[in-house]
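Work through the following exercises with the sequence and the model at hand. Each task is followed by a solution in steps.

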Amino acid sequence: MNAADLAALETPLLLLDEARMQRNIARMQQRMDALGVRFRPHAKTSKCAAVVQRQIAAGAQGITVSTLKEAEQFFAAGIDDILYAVAIVPSKFDHALRLVRAGCRLTLLVESVAAAEQLAAHGRANGHRHRVLIEVDTDGHRSGIPPEDARLLAVAAALVDDGAELAGVLTHAGSSYSLNTPEALEAMAEQERAGCVRAAQRLRAAGHACPVVSVGSTPTALHARRLEGVTEVRAGVYVFFDLVMAGIGVCGVDEIALSVLATVIGHRPEAGWVITDAGWMAMSRDRGTARQAQDHGYGLVADVQGRAIAELSFGEANQEHGVLQWRGAAGAELERLFPLGSQLRIYPNHACATGAQHPAYQVLAADGTLACWPRFSGW
Ligand SMILES: Cc1ncc(COP(=O)(O)O)c(C=O)c1O
């Protein structure tokens with residue numbers, strides 16, 4: 001199959017530009033190598049073994065996941081060093097143990113004394129020492145324990161047990177997503193590093209080994225100047241990039257590897273509308289750029305070669321209809337410019353959310369050939 005065959009495909013579908021993805025993978029890995037840290041990509045972005053295998057081939061060591069389903073699927077694909085980076089709760093302990101018993105080197109995350117105690121008790125009852133990180137909050141963004149909080153030592157104490165082993169600390173500076181200057185991103189990367197290292201120092205001073213210090217988000221990973229004290233970095237969305245990342249300033253639109261291929265299904269010339277078969281079901285409801293200087297609606301419209309069409313904005317979406325608004329010259333013949341049945345590419349606000357709407361990637365290689373890579377979903 002070659003690029004000309006794109007026209008024969010039923011849309012909407014998820015199109016992956018393999019050359020762009022490979023460049024994104026190489027860029028991040030080179031940066032991590034230069035900073036002297038292990039890189040553990042977050043596989044929740046792709047949920048696709050073929051993508052993750054390319055990240056590992058480039059030098060990544062182990063992966064991060066956001067669900068135990070991801071852990072299961074990637075373990076089945078041959079990856080055995082897996083960090084489940086969402087705080088675990090008792091209803092998932094047996095599932096985690098099944099993976100460990102099957103041979104997976106699974107690391108878990110806790111952020112409370114209650115979870116630590118119950119996990120240790122579960123390990124003890126089953127003759128297994130769960131490998132555990134403590135989640136640290138370095139930016140007030142989400143979950144985790146602030147580095148100076150007394151609970152840090154209380155959670156660690158609950159993990160010193162036959163049923164659990166404290167492997168280290170983890171943080172994710174998600175507030176980097178609301179920044180957009182290199183200076184602010186560098187400062188956030190340093191805040192993320194310093195807070196996580198500080199938590200590790202406090203644990204070590206209390207007698208814990210704390211070998212792992214894990215940090216990361218795509219914007220901070222790409223802006224960290226120094227990573228003293230950090231042992232590994234995690235990043236996910238960099239593999240595809242998206243419009244939110246472009247708005248933050250960490251990539252250009254021409255580096256976004258993921259788009260939705262859509263077909264023109266109608267026109268409303270009097271309203272200046274071009275209607276496509278990619279509604280919010282194909283794009284997701286994620287409107288992440290609404291909070292940024294440049295709001296891209298449901299996505300940035302491009303021609304089938306991926307060149308943005310500035311005059312066509314994607315402000316309205318129904319489940320299976322995308323309503324594109326023409327903002328170019330008055331009187332332009334929309335049916336001639338964008339004929340019925342012609343295809344457009346739409347760059348997504350948030351690659352993880354748009355990807356999750358689709359069962360597979362149609363992968364367009366640099367030589368024009370097409371391949372289909374399945375992706376999974378659910379829990
Ligand atoms: C715990 C954790 N680590 C790493 C990441 C990766 O962040 P990004 O997609 O910005 O690279 C995420 C993303 O949500 C996360 O939740």
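For residue classes, Ala, Val, Leu, Ile, Met, Phe, Trp, Tyr, Cys and Pro count as nonpolar, Asp, Glu, Lys and Arg as charged, and the others, Gly among them, as polar. The model is predicted, with local features needing pLDDT of at least 70 and side-chain atom pairs pLDDT 80 or more, while totals for chains, interfaces and linings use all residues. Residues are numbered from 1 along each chain as its sequence is written, and side-chain values use heavy atoms, without hydrogens and water.

**Exercise 1.** Determine which residues line the second largest pocket, and classify them.

Solution. Step one: the lining consists of Lys44, Lys47, Ser66, Thr67, Cys352, Ala356, Arg375, Ser377, Gly378 and Trp379. Step two: these divide into three nonpolar, four polar and three charged residues. A pocket is an open set of points on a 1 Å grid over the protein atoms alone, where a 1.4 Å probe fits, with protein on both sides within 12 Å along at least five of seven lines; lining residues have an atom within 4 Å of a point.

**Exercise 2.** Explain where the largest pocket lies relative to domain 1 and domain 2.

Solution. Step one: domain 1 (3-13 + 251-374) and domain 2 (19-239), with bounds from an automatic or database domain assignment, both contribute to the lining. Step two: the largest pocket therefore lies between them. Step three: its lining comprises 12 nonpolar, 18 polar and seven charged residues.

**Exercise 3.** Which residues of helix 5 and helix 6 meet?

Solution. Contact means heavy atoms within 4.5 Å. Val113, Ala116, Glu117 and Ala120 in helix 5 meet Ala154, Val155, Ala158 and Leu159 in helix 6. By class, this contact has seven nonpolar, no polar and one charged residues. Helices are DSSP runs (H or I, at least four residues), numbered from the N terminus.

Note on methods. Helix = DSSP H or I, 4+ residues; strand = E, 2+ residues; numbered from the N terminus.
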